[in-house]
Amino acid sequence: MKKALIVQGGWDGHEPKEVSELFRQTLVKEGFEVEVSDTLDSFADVEKLKQLDLIVPVWTMGRIEGQYVNNISEAVQSGVGLAGCHGGMCDSFRENVDWQFMTGGQWVAHPGNDGVEYVVNIKHSSSTLTEDIEDFTVKSEQYYLHVDPAIEVLATTRFPVVDGPHSTNKAVDMPVVWTKRWGQGRVYYNSLGHHADIIEIPSVTELMRRGFLWCAEGKTKAEQAGKANKQPAYTSMQDNQL
């Protein structure tokens, strides 16, 4: 049985408990043994983290010990998957650039705030994660992120929708869903999910389900290839550990 750890907390406005429960239900239906924690101390034991198949952060605008990020990074590099959504993953720890390096992006703005209606454009490619999913419209926050050029983009949204200082630039397609590799591990992010009701949209639920499963398969694939734990682990280069 695959094992997953959900760690929820931080800013209550993102409904971390409600979102975590939806994620827990999805994972249980897929046969996972799921632990839900409300403390970042869950990241203190690197060996325990390495025994997992999937880590799901649901934590917005927090502060984290630098060693905890190193532990997560080491676990993911060994093959453990990392998957999350919205501010619960890419606005978790604004002061920790190592977290941002690993996850592939960082929230910087949501012009118009909540209630903006916009289209999520699915990119159909060799990835099976978006197969049979069509473009859809949401009414929520539209995330503007600073992103890693190494990510594989699976869905985008067009800016600008709402007027602002960014509007004088040319139109841009901002990544909404992406994947990334971190050592032998797989990373998945979906910028949707301001509230739990957004996660309950069928297309969003399915995108998250597929992302969880894809990330959790990474450990098995790495072990089968005989690659897990053979690369030296990347550790933090930050001067200021939190």
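Which strands does α1 lie across, and at about what angle to β1 does α1 run? Hello everyone, let's take that as our way in. This is a predicted model, where local features need pLDDT of at least 70, side-chain atom pairs count only at pLDDT 80 or more, and totals for chains, interfaces and linings use all residues. Residues are numbered from 1 along each chain as its sequence is written, and side-chain values use heavy atoms, with hydrogens and water left out.

So, the answer: α1 lies across β1, β2, β3 and β4 (81-85), and runs at about 170° to β1. Helices (H or I, at least four residues) and strands (E, at least two) are DSSP runs, numbered from the N terminus. Contact means heavy atoms within 4.5 Å. Axes are lines fitted to C-alpha atoms, for helices over the stretch in contact, and angles run from 0 to 180 degrees between N-to-C directions.

Now the sheet. Nine strands form an open, mixed sheet in the order β2-β1-β3-β4-β11-β10-β9-β6-β7. At the edges sit β2 and β7 (136-140), each pairing on one side only. Two strands pair if DSSP finds at least two bridges between them.

Let's zoom in on β1, residues 3-10. With β2 (residues 33-37), β1 pairs in the parallel sense over five bridges, and K3 stands opposite E33 there. With β3 (residues 54-60), β1 also runs parallel, joined by seven bridges; here I6 has V56 as its bridge partner.

The other helix to look at is α7, which lies across β3, β4, β7, β10 (172-182) and β11 (185-190), running at about 170° to β11.

Both helices come back at the largest pocket: α1 (16-29) and α7 (202-224) each supply at least two residues of its lining. The largest share, four residues, comes from α1. A pocket, on a 1 Å grid over the protein atoms alone, is an open set of points where a 1.4 Å probe fits, with protein on both sides within 12 Å along at least five of seven lines; lining residues have an atom within 4 Å of a point. Lining this pocket are L22, Q25, T26, K29, E30, I199, E200, T205 and R209.

Two backbone details to finish. The peptide bond from F159 to P160 is cis, with omega near 0°, and P160 is in the loop between β9 (152-159) and β10. N113, in the loop between β5 (105-109) and β6 (116-122), has a positive phi, near 60°. Most residues other than glycine have a negative phi, and most peptide bonds are trans. Thanks, everyone!
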